[in-house]
Amino acid sequence: FAPTEYELRCLKCDKVYQDEEWRLACDDQAAHGPSLLQAVYRERRFVVDRAVPGVLRMHNWLPANRPLAGLAVQGNAPAVYHSTALGAKLGLSDLWIAFSGYWPARGAFMRSCTFKELEATCVCCRQPPAQGKKILVVASAGNTARAFLQVYSRSNTPIVVVVPATAAKNMWSDAPFADCVHLITVSGGADYSDAIALAGLIASQPGFYTEGGALNVARRDGMGCVVLCGAEAMGKVPRHYFQAIGSGTGVIAAFEMAERLRADPAFAGAPAMVLHASQNLPFTPMSDAFEARSRQIPQMDLADAKARIAAVSAPVLTNRNPPYGLCGGVFDVLAASDGSVYRVSNEEAAAAAALFESAEGVDVDPAAAVAVASLAQAVAAGRVSKGDAVLLNVTGGGQALLRQQCAAPLHLATPWLDVPLPKVNTATAASIAHQLLQH
């Protein structure tokens, strides 16, 4: 398919840009404050291209500058289905599950076992020719890194992925990794925010550029395909949307895509989709801030924050610096949708994971279990009624199933370099950049 036609619009001042040289921010941000850019597509209707397999069938609403045939893969999109089993256990008659992971029986073949494969695919397709000789740098707490390593290996596209050393064990694939992908770990008690810091320093070096996180329209619209796949299967815009959050980029993406759908005459009159986000106790900064209806997350003591992060069962949900208060960020979309942020304990998440597997027949990852638990909380609190159309984003699952069905052991990515936390500085980043370019 041809590259998608779209522009970028600042949500604060409405200034419009062509998408040149990997634009992530408005030029007037210093004057009006931080704000997201949003993709405005020439195609205003929700059109699914049945000739293209996988998530790229949604390419009319994806910023695809270089469509890559190798990434148009059958099954690399969420499998959306009406749940009668879990729905019955929760007392919901119109519950739909968007499963991102490995579950062949449902047509799900996302071999990274995470919905982060959606954003990795779309980010890879957004890269314009001008960036061809530069190397992308991305930071992650785990799932994003695995997805980017796998997708960029498949497309033979260079990338540097930075993760906390504790996440290295999750950097696996069912196929060997290509030589063009490089994994860097940060050790010595590092967390997601420390990985972000090192990735930012490397990306600022000549020959490299940052993926951008929530600022990247490809990341958001890639994840937003969960809602598009939901609308495709359901024939309507969901009334409620449930997802666990670390940075919160996924709920921003979900809201943006739901609003695009509501602007399509085919979905005229659909009410705003209510966002139900969730965090894993005891690390709940966005839940705490939004409950107080504060646009700002209170400053956290670093030692206390790291202790809380170490205590959660879903470490991918632990971003200390999420895109919460900026224009178009988590606070704005939660407020606009009359949304909520739930707090889920490790025990509640474990019980929810067991409930889901017993009802639906497949394993889910810890972050997805948090979302399942939040749905149970919402039903108990009366925030969702029996007949409401609910889309539950199961952001990852099927790892146990994939391991069972693989003929050979999974391949574990070998870190190209480990950086102790005290060495995360500009000099180290410059040295790393030099070595990578020489390599």
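The model is predicted.

Start with helices H3 and H4. H3 spans residues 116-126 and H4 spans residues 143-154. Two packed helices are described by the angle between their axes and the distance between the axes. Here the angle is about 45°, and the axes of H3 and H4 lie 8 Å apart. H3 and H4 are therefore oblique to each other. The crossing of H3 past H4 is right-handed. On the H3 side, the contact uses Lys116, Glu117, Glu119, Ala120, Thr121, Val123 and Cys124. Their partners in H4 are Asn143, Thr144, Ala147, Phe148, Val151, Tyr152 and Arg154. By class, that contact holds seven nonpolar, three polar and four charged residues.

Now follow Tyr152. Beyond residues up to four places away in sequence, tyrosine 152 touches Ala120, Val123 and Cys124, among others. Its contacts also include Leu136, Pro158, Ile159 and Val181. In soluble globular proteins, nonpolar side chains tend to be buried together. The largest nonpolar core has 90 residues. Tyr152 is among the members that touch the most others, and so are Phe46, Phe148 and Tyr241. Helix H6 (residues 217-234) gives the most to this core, with ten residues. A second, separate core has 40 residues, including Tyr81, Trp103, Ala371 and Ala378.

Finally, turn to strand S15, residues 340-344, which holds valine 341. Is valine 341 buried or exposed? Its relative accessible area is 12%, under the 20% cut-off, so valine 341 is buried. Leaving aside neighbours within four places in sequence, its contacts include Ile245, Ala277, Met286, Phe290 and Leu334. Aspartate 288 is 53 residues from valine 341 in sequence, yet their C-alpha atoms are 8.4 Å apart.

Technical notes: Residues are numbered from 1 along each chain as its sequence is written. This is a predicted model: local features need pLDDT of at least 70, side-chain atom pairs count only at pLDDT 80 or more; totals for chains, interfaces and linings use all residues. Side-chain values use heavy atoms; hydrogens and water are left out. Axes are lines fitted to C-alpha atoms, for helices over the stretch in contact, and angles run from 0 to 180 degrees between N-to-C directions. Helices (H or I, at least four residues) and strands (E, at least two) are DSSP runs, numbered from the N terminus. Angles under 35 degrees count as roughly parallel, over 145 as roughly antiparallel, 65 to 115 as roughly perpendicular and the rest as oblique. A crossing is left-handed if the near helix is turned anticlockwise from the far one by less than a right angle, and right-handed if clockwise. Contact means heavy atoms within 4.5 Å. Ala, Val, Leu, Ile, Met, Phe, Trp, Tyr, Cys and Pro count as nonpolar, Asp, Glu, Lys and Arg as charged, and the others, Gly among them, as polar. Buried means under 20% relative accessible area, exposed over 50%, partly exposed in between (1.4 Å probe, protein chains only). A nonpolar core is a set of buried Ala, Val, Leu, Ile, Met, Phe, Trp, Tyr and Cys residues joined through side-chain atoms within 4.5 Å.
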